[in-house]
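Hi everyone, thanks for coming. Today I would like to walk you through one structure, chain by chain. Have a look at it first, and then we will start.

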Amino acid sequence: MKLLVCISQTPDTTSKISFNANGTEFNAAGVQFIMNPYDEWYALVRACELREALGGTVVALNVGPAANETTIRKALAIGADEAVRIDCEPNGAGFVAKQIAEYARAENFDIIFFGKETIDHNGSEVGAMVAEHLDLPYVSYASKLDLNGSTATLERDIEGGVEVLEVDLPFVLSAAKGMAEQRIPNMRGIMTARSKPLKEVPAVAFEDSAKAVQFSLPPAKAGVKLIQPDQMDELVRLLHEEAKII
Amino acid sequence: MVLVFAESPRGQFKKSSYEAVTYGKKVADLLGTSCIALTLGTTKDAGELGRYGATKVLSIPDASFDTFDSQSYASAISEIAKSNNANVVVLSHTSTGKSVAGRVAVRLNAGLVSGVNSLPTTSGAALRVKKSVFSGKAIAEYEISSEVKVLSLMGNAVKPENLGSAVTVETVSVASAKGRVRVKSVKTQEGTVPLPEAEIVVSAGRGMKGPENWGMVESLAATLGATTACSRPVADAHWRPHHEHVGQTGIAIRPNLYIAIGISGAIQHLAGVNNSKVIVVINKDAEAPFFKAADYGVVGDLFEIVPRLDEAFKKFKAG
Ligand SMILES: Cc1cc2nc3c(=O)[nH]c(=O)nc-3n(C[C@H](O)[C@H](O)[C@H](O)COP(=O)(O)OP(=O)(O)OC[C@H]3O[C@@H](n4cnc5c(N)ncnc54)[C@H](O)[C@@H]3O)c2cc1C
């Protein structure tokens, strides 16, 4: 079993988000970066569980600069066997997908894992693009994955419910809540992570035709209007006449 | 031409499909072109999409599309886009759209922006369009410079509008890739609007003390025709089903009205709800962080306030 888990690095959930003065660039000063939570908690952990049960190799892949190596080592500490970093600035979903697909094409992975989306660009784009580049089936928002020989049974979150499906290996998935439980790396994991292989691969040239060009912060809320607990008719009136939503 | 893929899971169009057609029509007007809608699988009343602005509806009523597969869907949408020279392809940012948009973009060599929440503007031959990023903490404007552009539209970002009248449906066929995913069953809750589509959401947190107290939340939701949601610890403790969990780890929603009851408003919770148009917070702690993100707030005991609010809405509904 050969499993690839694509991990992205994102600002920590609680980070204060800001941009440079003309709004063209994210201001990384003072921001702590983490492994994108869905890649870590759901995708990586499930891949490690399958490897533990069935044998094989889990490869963690990051498209990014050398500064991302702390995040990559964490994936190794959680349980990935080896890691690959495609050396570049990850500029856009189309660009990242192209890098991953070019690397994975020759490697014949059985399953390629993604998280359901990243918490910075909230795109949910890369998994589907990689699947298309490699002409593989894609199961998005998978909340359950079991293997029976070369057939996988999955549950996929859809609006207001789940879809149960089967697909033969190889395929691509994006993982959502339910697929696995978060794992805290233990001391042994952290120690062995240092000596696990981390390979650097050069990026391929690709021009992404969709680019984020301007960032801004949402308009500040006007401030909360407080209503006395015994004035609920007044709240209803405000929602009707002022907010006009009922 | 702007091509809109109008989803019809289990034969039914969704609100998000009408939103996508409305949006597609407005993008078409901006570009001085027409809007064509595409449906896949067995559908009823596809001609109705004309009411939202489609000047033509293409239908591929092949039963193999009655279950979802991202490959066969993406292949059909791309083939239709090519044969009709589409400049822009619009999809809904739903479970289906998220699985398909990236594939369509690769097939058409197109730039993709997913989860857009407003109309684009033109910049020469390029399009500029905005979406919410950093879990609602910022807005990014993207520029798409490819010849063909793919956009997926965030739910509840535009209202379905009456922009035309019913049209005749043209049946077409394509040689599309065969799906390799075998759908075994689909389980959905009947009778309630799924959270991502709900216009009003009544959500409650740990302040409820226990699952036995949820009757008042359900009653308020029933009065408003709202869908119920909850905070993560509530789902983790199995007080409420997991599909109700909203926030960073649960689902992200953007209803017109979000009523938060006994929820502190942690940043991870806000990440899933801060795009709601109007937020009402009920909390006994005047310092609860949620009040900073709220439009209207009531400081006090939820066990007294919620039934009172329910009564007030009932009185209002009765006219
Ligand atoms: C990585 C990460 C991801 C997370 N993802 C999510 C997520 O997706 N969604 C999510 O919700 N949380 C998430 N959390 C958890 C989040 O940080 C909070 O712990 C959680 O949202 C708190 O839930 P709560 O507001 O229901 O409970 P509490 O924080 O315990 O708040 C209960 C509130 O109820 C009020 N209250 C109590 N009694 C009454 C009463 N009688 N009348 C009125 N008010 C009352 C209290 O004043 C308090 O403000 C995540 C945390 C982490 C670390």
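Among contacts in chain A between residues at least 6 apart in sequence, what percentage join residues at least 24 apart? For chain A that value is 69%, where contact means heavy atoms within 4.5 Å.

Before we go on, some ground rules. This is a predicted model, in which local features need pLDDT of at least 70 and side-chain atom pairs count only at pLDDT 80 or more, while totals for chains, interfaces and linings use all residues. Residues are numbered from 1 along each chain as its sequence is written, chains are lettered from A and ligands numbered from 1 in the order in which they are written, and side-chain values use heavy atoms, with hydrogens and water left out.

Let's stay with chain A. It has six helices and 13 strands; helices (H or I, at least four residues) and strands (E, at least two) are DSSP runs, numbered from the N terminus. Along its principal axes, the C-alpha trace of chain A spans about 65 × 45 × 40 Å. Of the 246 residues in chain A, 53% are buried. Buried means under 20% relative accessible area, exposed means over 50%, and partly exposed is in between, with a 1.4 Å probe and protein chains only.

Now find strand β7 of chain A, residues 138-148. Eight of its eleven residues are buried, so β7 is largely enclosed by the rest of the structure. Which strands does it pair with? Three bridges join β7(A) to strand β10, residues 171-175 of chain A, and these two run parallel. Six bridges join β7(A) to strand β8, residues 151-158 of chain A, and here the strands run antiparallel. For two strands to pair, DSSP has to find at least two bridges between them.

β7(A) and β8(A) form a hairpin with two residues between them. In that turn, A:G149 has a positive phi of about 60°. A:P170 sits in the loop between β9 (161-168) and β10 of chain A.

One more stop in this chain is A:T10, in strand β2, residues 9-11 of chain A. Is A:T10 buried or exposed? A:T10 is buried, at 0% relative accessibility. Leaving out residues up to four places away in sequence, A:T10 touches several others, including A:F33, A:M35 and A:I119.

On to chain B. Its secondary structure comes to eight helices and 16 strands. The radius of gyration of chain B, taken over C-alpha atoms, is 21 Å, close to the 20 Å that the globule rule gives for 319 residues, so chain B is as compact as a globular protein of that length. That rule is 2.2 Å times the number of residues to the power 0.38. Of the 319 residues of chain B, 58% count as buried.

Next, helix α2 of chain B, residues 70-83, holds B:E79. At 27% relative accessibility, B:E79 counts as partly exposed. B:E79 and B:S176 are 97 residues apart in sequence, and their C-alpha atoms are 7.5 Å apart in space.

Last, two asparagines to look up. B:N109 has a positive phi of about 55° although it is not a glycine, and B:N156 has a positive phi near 60°. B:N109, in the loop between α3 (95-108) and β5 (111-116) of chain B, is exposed at 65% relative accessibility. B:N156, in the loop between β9 (149-153) and β10 (169-171) of chain B, is buried at 6%.
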